[in-house]
Amino acid sequence: MKLLPVLPVLIPLLTAALALLQWRHRVAQRRLSVAGAIALFVAAVWLFAVVQREGVQVVQSGGWQAPFGISFVADTFSSLMVLFAATTNLCVVIYSLTSIDARREAFGYHLLLHVMLMGVCGAFLTGDIFNLYVWFELMLMASFVLLALGGERRQMEGAIKYVTINLVSSALFLAAVGLLYAATGTLNMADLALKAQHVNPAGMRTVIALLFFVAFGVKAALFPLYFWLPASYHTPPVVISAIFAGLLTKVGVYSLARVFTLIFRNDAGYMQPLLLWVAALTMIAGGLGAIVQRDLRRMLSFLIISHIGVAAMGLGIFTERAFAGMIFYLIEDIVVLTNLFLIAGGVRLLCGTYDLTQTGGIYRRHPSFGFLFLIPALSLSGIPPFSGFFAKLALIQAGLEAGRYAVVGVSLAVSLLTLYAMARVWMLAFWREQPATTPTNLAAPLATLAAPLTTPIPTISPRRARRALIPIAALSALTIALGLGAEFVFRQSLIAAGVLAEPRLYVEAVLGGER
Amino acid sequence: MIVVLAFVIGGLYAAGLYMMLRRSITKLIIGLGLLSHAANLLLFTAGGLVRARPPLIPDNSETIQPPFADPVPQALVLTAIVISFGVTAFALALIHRANRVIGTDDMDQMKATDV
């Protein structure tokens with residue numbers, strides 16, 4: 001099928017459009033949402049299988065030959081990302097059936113979720129740098145509304161920070177695209193890969209490259225640019241945080257990888273040390289931030305940052321094996337972090353709070369839920385046999401081969417911080433007895449201050465609670481599967497990394513014979 | 001002309017960033033607007049300024065000789081303007097709601113979730 005690489009964009013669009021027509025019918029919207037998520041998942045699997053069999057798939061929209069039209073390109077990297085985006089989306093949609101409140105549903109929650117997915121898939125699949133900007137904006141716009149939907153005070157505060165910083169980075173992105181077009185006269189990424197090497201003066205290319213670095217660095221939450229993330233990700237309902245945690249920052253990393261391996265590959269000389277420094281500082285800042293948090297969701301937000309640093313390290317090492325490790329790590333991260341946020345929602349249901357000083361006793365009451373937590377938690381910390389271990393192993397091997405001992409050492413030390421943070425959650429939320437009341441008088445004024453900020457816990461029946469466990473169990477099973485099938489996944493990552501390391505393959509696929 | 005526009009773009013960026021550093025959220029939105037104007041104007045200027053040379057192939061020719069006005073940056077700017085229009089509309093609705101819910105327009109008061 002010729003249009004296959006565009007299907008992951010068309011299906012969410014169609015779902016959202018149909019859901020808009022059913023604006024007043026919540027049940028119809030829910031059904032559409034699930035159907036759309038399943039269809040997207042099927043399309044993503046299909047696309048992945050076709051890319052496996054036949055190599056890079058390209059669609060030239062409107063029949064305009066590249067570099068004149070907008071190309072959609074599905075190589076192994078992008079089809080893997082789309083596949084895992086679709087998988088987590090399916091789990092999140094199923095989870096939200098039991099967890100999202102009726103008011104948010106009535107105001108278009110499902111619709112917005114699919115619009116955001118359209119932006120995410122579009123960003124993964126586009127082969128045009130301006131088109132990438134448009135997909136980014138689409139994704140951000142939907143995420144703005146999702147973040148603010150409900151209009152609680154804390155959401156408003158988070159949303160203002162999130163919107164502001166993301167719009168600034170979008171403005172930088174746009175300026176970078178404009179300068180790049182002025183310097184090369186093309187917007188097609190494959191064409192840029194050829195023409196950006198001859199930009200005159202070379203200093204102009206450095207400026208553009210760094211503008212892209214800052215713009216994507218903000219979206220990916222790299223070291224000095226991450227402050228918006230822990231200030232906003234814990235404010236919306238947990239299911240929205242979960243999909244944000246799984247996908248949005250990964251789009252930033254994906255774009256960084258795409259742009260710096262394809263267009264600015266000759267700038268690796270200064271980008272490499274810069275990326276490695278930034279990666280190391282991101283890991284440390286995220287790890288240290290995570291271990292001091294009391295709010296479970298804020299802790300997880302800092303862990304997102306820390307793990308984005310690990311992925312950025314893979315990009316900074318800049319060898320084929322490191323790219324493979326990075327890709328493996330990214331897909332593992334999508335699954336695990338989404339799952340941990342969904343589990344945080346479960347903790348809230350069982351203990352009534354996200355505050356780790358007041359949680360406890362879950363393991364005694366629900367041992368199976370405890371095990372479901374342990375799987376992603378151990379995977380995130382890099383304990384075998386889960387997928388996180390193999391992804392990190394690949395990255396560390398690549399780092400040692402390239403002689404990047406310092407940053408590898410940092411990543412290992414930060415794994416310990418992650419393990420500590422996860423152990424703390426285990427001890428405070430699962431293992432110990434739940435404290436009877438607020439521990440000290442000192443906390444009392446704090447609690448009253450926070451009281452208007454917290455929404456009442458939705459009460460749900462045991463049957464619905466069990467339904468909410470399905471997506472968590474599915475993601476945990478996927479984590480185990482990725483660990484047991486690590487060889488297969490790593491082989492795919494290596495194929496994907498081959499295109500990153502050898503941009504010629506990408507360029508030939510898009511531009512065809514003419515070069 | 002390019003020099004004049006360069007100064008205008010620089011001024012817009014400076015003004016936009018200054019406004020965004022103010023504490024009032026209304027000024028924050030104005031700053032965002034100025035910033036996106038600056039980016040649009042940069043996009044437009046970077047594409048090259050050519051006066052009175054539309055990108056049309058003359059009757060007696062198969063190709064067009066440069067210099068001619070490049071239509072692509074203008075299409076890009078148009079897209080970017082539409083996007084920034086939507087985003088600004090959303091941001092205005094957001095600060096209106098935020099002001100009602102939080103009861104202040106001072107960024108420094110919006111720290112309740114940062115503990």
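How many helices and strands are there in chain B? Chain B has three helices and zero strands (DSSP runs numbered from the N terminus: H or I of at least four residues for helices, E of at least two for strands). This is a predicted model, where local features need pLDDT of at least 70, side-chain atom pairs count only at pLDDT 80 or more, and totals for chains, interfaces and linings use all residues. Residues are numbered from 1 along each chain as its sequence is written, while chains are lettered from A and ligands numbered from 1 in the order in which they are written.

**View 1. Chain B runs α-α-α along its sequence.** Its radius of gyration is 20 Å, well over the 13 Å that the globule rule gives for 115 residues, so chain B is more spread out than a compact globule (taken over C-alpha atoms; the rule is 2.2 Å times the number of residues to the power 0.38). Along the principal axes, the C-alpha atoms fill a box of roughly 70 × 25 × 20 Å.

**View 2. Here is where chain B meets chain A, with 31 residues from chain B and 29 from chain A.** Residues are in contact if their C-beta atoms, placed from the backbone, lie within 7 Å. On the chain B side, α3(B) gives the most, with 16 residues.

**View 3. Helix α1 of chain A covers residues 7-21.** Among its buried residues are L7(A), P8(A) and I11(A) (buried: 20 or more other C-beta atoms within 10 Å of the residue's own, placed from the backbone). What covers the buried residues of α1(A) includes α2, α3 and α5 of chain A.

Conventions: The expected span of a helix is 1.5 Å times one less than its number of residues. A residue is buried if 20 or more other C-beta atoms lie within 10 Å of its own, exposed if 12 or fewer, and partly exposed in between; C-beta atoms are placed from the backbone. Two residues are in contact if their C-beta atoms, placed from the backbone, lie within 7 Å.
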